[in-house]
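Open the structure in your viewer and keep the selection tool at hand. We will go from stop to stop, selecting as we go.

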Amino acid sequence: MNILSSVNAEPETIQTPTPAGHEITPRDRRFGREEGYNPGKYWQNGDPVATAFYNCLSLTFPRGEAFFIESVKAFRDHAPEKLQNEIRAFVKQEVIHSREHLALNRRVEENGYDASRIEQRITESLAMTEGRPKITNLAATMILEHFTAIMAQQFLANPQHWENSDEETADLWRWHALEEIEHKGVAYDTWLYATRDWSRRKRWQVKAVMMILITRNFWGNRWRDTLDLLAQDGITGWRVKMKLLKFLLFKPGIARAIIIPWCKFFLPGFHPWNEDDRHLIQRAESEYEAAITGRPATA
């Protein structure tokens, strides 16, 4: 039997480290809609490299999150009631994320960038999933959701990511990050339920192989996409590649910072909620509320 064939899914209780009573709350927020709003071409600290990286990451979200939604929804109707409710909240959050990143992506294009080559690469990547078993697409979603969650953790924990950024755009990324942390266990819990008849070894083999393949593609595409946007500004050559490498590995060093969380994915008994980082959600919510009301933030 193909190790990625569909599995029978009859409702039953599943035990995971997802915190008891943890709620997933869609926050319907809008960013950058004010008349005359203009964050500038290099909204991230006036840095073309940092701005290009975040812009190309944003370009992946609308289509990527649509794929995540469909992959998880495919297993919703036969899941336990609690997980069904979590999937519904996950879907609502992802839909709103897509809407806000579409708005950000329009601003990228309004600044004169041609995103067609980047969108083509995204289309080609997603086309590879067409016709595959639903469990395969769920596995890809579970892995990419882990990627977004560990990056989101860094986006909230390390203020260097948004140092001297346009505040409205930084707020969008922080809002997105806190919700990625909030629903970080949903795709994984869906995966555990859908593969509950598999042996632990089989489950580990599949997710390990797919993580390695997806990691290679993820960073390879983000590298090419960032250089694509920079080249449109006439910024090319080995020096810009060194600057991008420095940005990824040293300051703020998002690629370096997620190495250990990435490695933990391969450990026996891994689950996204083995690390409870809800304090970052609470802190981000408090800081956002303080920013829009003018009141001091509370811990």
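What follows is a short tour of a predicted model.

**Stop 1**

Select residues 81-110. This is helix H2, with 30 residues. At 1.5 Å a residue it should span 44 Å, and its end C-alpha atoms are 44 Å apart, so the two values agree. Now step just past H2 to Gly112. Gly112 takes a positive phi of about 100 degrees.

**Stop 2: the largest pocket**

Select Ser125, Ala140, Leu144, Ile214 and Asn217. Of the 42 residues that line the largest pocket, these lie nearest its centre. The space inside is about 1000 Å³.

Which helices supply at least two residues each to this lining? Colour H1 (48-73), H3 (116-127), H4 (134-157), H5 (167-182) and H7 (200-231) to see them. H7 provides the largest share, 12 residues. By type, the lining of the largest pocket has 23 nonpolar, 11 polar and 8 charged residues.

**Stop 3: the second largest pocket**

The second largest pocket has a volume of about 480 Å³. Select Leu192, Arg200, Arg203, Gly269 and Phe270. They are the closest to its centre among the 18 lining residues.

Helix H6 (186-194) and H7 each give at least two residues to this second lining. H7 gives the most here, with 4 residues. The lining of the second largest pocket divides into 10 nonpolar, 4 polar and 4 charged residues.

**Stop 4: a residue on H7**

Stay on helix H7 and select Asn221. Is Asn221 buried or exposed? Its relative accessible area is 12%. The cut-off for buried is under 20%, so Asn221 counts as buried. Leaving aside neighbours within four places in sequence, Asn221 is in contact with Arg121 and Ser125.

**Stop 5: the nonpolar core**

In soluble globular proteins, nonpolar side chains tend to be buried together. Here the largest nonpolar core has 83 residues. Show the side chains of Phe53, Phe155, Trp173, Trp191 and Trp219. These have the most contacts inside that core.

Now centre on Trp173. What does Trp173 touch, beyond its neighbours within four places in sequence? Its contacts are Trp43, Tyr54, Leu57, Ser58, Phe61, His101, Leu104, Phe155 and Trp162.

**Stop 6: backbone exceptions**

Most residues other than glycine have a negative phi, and most peptide bonds are trans.

- Select Asn45, in the segment before H1. Asn45 is not a glycine, yet its phi is positive, about 60 degrees. With 39% relative accessibility, Asn45 is partly exposed.
- Select Asn164, in the loop between H4 and H5. Asn164 also has a positive phi of about 60 degrees without being a glycine. At 59% relative accessibility, Asn164 is exposed; the cut-off for exposed is over 50%.
- Select Lys251 and Pro252. The peptide bond from Lys251 to Pro252 is cis, with omega near -5 degrees. Pro252 sits in the loop between helix H8 (238-249) and helix H9 (254-257).

**Last look**

Conventions: Residues numbered from 1 in each chain as written. Predicted model: local features only at pLDDT ≥ 70, side-chain atom pairs only at ≥ 80, totals over all residues. Heavy atoms only, no water. 1 Å grid on protein atoms, 1.4 Å probe; cavity = no way out; pocket = protein on both sides within 12 Å on 5 of 7 lines; lining within 4 Å. Points joined across faces, edges and corners; volume = space filled by probe spheres on them. Nonpolar A, V, L, I, M, F, W, Y, C, P; charged D, E, K, R; others polar. Core = buried A, V, L, I, M, F, W, Y, C linked by side-chain atoms within 4.5 Å. Buried < 20%, exposed > 50% of the residue type's maximum accessible area, 1.4 Å probe, protein only. Contact = heavy atoms within 4.5 Å. Expected span 1.5 Å × (residues − 1).
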